[in-house]
Amino acid sequence: MENRADLLSMTANELKQFVIGLGEPAFRSGQIMQWLCKGAAFSEMTNLSASLREKLSAQAVLHYPVIEGRYASRLDSTVKYLFRLSDGQLIESVLMEYEHGLSICVSSQAGCRMGCRFCASTLGGKVRDLLPSEILGQIIVAQKDAGKRISNIVLMGIGEPLDNYDHVIRFLRLVSAPEGLNIGCRHISLSTCGLVPAIYRLANEDLPITLSISLHAYDDEVRSRIMPVNRAYNIDRLLTACRDYFDQTGRRISFEYTLIAGENDSTDGATELARLLKRYLEKRPFHVNLIPVNPVKERGYAASGKRSVRAFCETLERLGVNATVRRTLGEDINAACGQLRHTAGQDTE
Ligand code: SAH
């Protein structure tokens, strides 16, 4: 069992207390924090005394993930990282370049236990939750590798963030802290398959992030077939929670809708979806992101063709629903989450 202190999971205040506990002046914690944001090892923290660096190595640990694989797209500037954690677990992050800056998609768990039928991340179940430091570390290491500031984060990699609630909330506070990476909550999206009680908890955290709901269906029959979580929290409970979330936080909800050929992509389905969302959200603002499913070999689902995607999107818009088709990036590097971890065989042991 590792009993050294996990520095990257500490707030500025906790780090200060830790440094004082080592018999050092409090201001050292500010210097250490700056090094942590740069992904430095203790030996590289050259403005600290050699004795402090030794104390740190003996009593603390830095959970920076190690780059095990780096896949740069030839089609666009997307880079996918396969990261190895301290215990050998593999996770994935994807760095994407947009006009407004660099955006990173990070993982929150090694594996996933939500069982969505179309998703590669869940094929081998969940192995463990990531520590706050391991979520933060993905951003620090990717930013160091890119040599450019990352300005946006999406929690849409491997895992269900709200199934690792406490660590994810701590991560959100750490990454948005001015002493830390200082990425504001308004530049962070959290995607969930719909753990309703956790959505209510999140509404009370006073974190102005964007909540993104993986809806993927217009009725309970379709949703329960492709997303087992719907049997625990059905569409009625989920959309009621979304309405309450908006009323409490004032944050516009975003819905993800993965289009699977013959399963949820008919234009009648689009009409039902528009009616459903308008019935629950009424005049509240929301947005639908359409994503043609990324076929996963083991799953046997096919992506909707361009024509049906366009027809689905146009139907939503005609009915007054704000919708866009997600631009696909990094198609040549398996940039959809879970695929590399799965190919590496880590979830099949
Ligand atoms: N567990 C969270 C976040 C991770 S998945 C959630 O469910 O939202 C991020 C998004 O990718 C989710 O909307 C998920 O449903 C979607 N997704 C998973 N597998 C996919 C695939 N093969 N093709 C397209 N989207 C997929």
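Helix α4 covers residues 132–146 and has 15 residues. From its first C-alpha to its last it reaches 22 Å, close to the 21 Å expected at 1.5 Å a residue. The expected span is 1.5 Å times one less than the number of residues in the helix. Helices (H or I, at least four residues) and strands (E, at least two) are DSSP runs, numbered from the N terminus. The model is predicted: local features need pLDDT of at least 70, side-chain atom pairs count only at pLDDT 80 or more, and totals for chains, interfaces and linings use all residues. Residues are numbered from 1 along each chain as its sequence is written, and side-chain values use heavy atoms, with hydrogens and water left out.

Helix α4 is mostly covered, with twelve of its 15 residues buried. Buried means under 20% relative accessible area, exposed means over 50%, and partly exposed lies in between (1.4 Å probe, protein chains only). The buried residues of α4 are Pro132, Ser133, Glu134, Ile135, Leu136, Gly137, Gln138, Ile139, Ile140, Val141, Ala142 and Gln143. Just after α4 comes Gly147, which takes a positive phi of about 70°.

Buried in α9 are Ile235, Leu238, Leu239, Thr240, Ala241, Cys242, Tyr245 and Phe246. An α-helix has 3.6 residues a turn, so residues three or four places apart point the same way. The cover over the buried residues of α9 includes α6 (196–203), β11 (210–214), α7 (220–226), α8 (229–232), β12 and α10 (267–281). Contact here means heavy atoms within 4.5 Å. Gly250 follows α9 and has a positive phi, near 75°.

Arg251 is buried yet has no salt bridge. A salt bridge is a side-chain nitrogen of Lys or Arg within 4 Å of a carboxyl oxygen of Asp or Glu. The nearest side chain of opposite charge to Arg251 is Asp206, 9.6 Å away. For charge, Lys and Arg count as positive and Asp and Glu as negative, while His and the chain ends are not counted. A polar atom of the Arg251 side chain lies 3.2 Å from the backbone oxygen of Ile209. The Arg251 side chain also makes a polar contact with the side chain of Thr210, at 3.4 Å. A polar contact is a pair of N or O atoms within 3.5 Å; within protein, one must be able to donate a hydrogen and the other to accept it, and residues adjacent in sequence count only if both atoms are side-chain atoms. Leaving out residues up to four places away in sequence, Arg251 touches Arg186, Pro208, Ile209, Thr210, Tyr245 and Phe246.

The structure holds 16 salt bridges. One of them joins Lys55 and Glu24, with the closest N and O atoms 3.1 Å apart. Lys55 lies in helix α3 (residues 50–59) and Glu24 in the loop between α1 (12–21) and α2 (28–37), so the pair ties together parts that are 31 residues apart in sequence. Lys55 is partly exposed at 25% relative accessibility, whereas Glu24 is buried at 13%.

Arg70 and Asp145 meet in another salt bridge (2.7 Å, N to O). This pair links distant parts of the chain: Arg70 is in strand β3 (residues 66–72) and Asp145 in helix α4, 75 residues apart. Arg70 is partly exposed at 43%, and Asp145 is partly exposed at 32%.

Glu97 pairs with Lys148 in a salt bridge, the closest N and O atoms being 2.8 Å apart. Glu97 belongs to strand β5 (residues 90–98) and Lys148 to the loop between α4 and β9 (150–155), so the pair ties together parts 51 residues apart in sequence. Both are partly exposed, Glu97 at 33% and Lys148 at 43%. Salt bridges that share partners also join Asp87, Arg128 and Glu134 into one network.

A search of the whole structure finds zero disulfides. A disulfide is a pair of cysteine sulfur atoms within 2.5 Å. For Cys112, the nearest cysteine sulfur is that of Cys119, 6.4 Å away. Cys112 is buried, with a relative accessible area of 8%. For Cys242, the nearest cysteine sulfur is that of Cys193, 12 Å away. Cys242 is buried at 0% relative accessibility.
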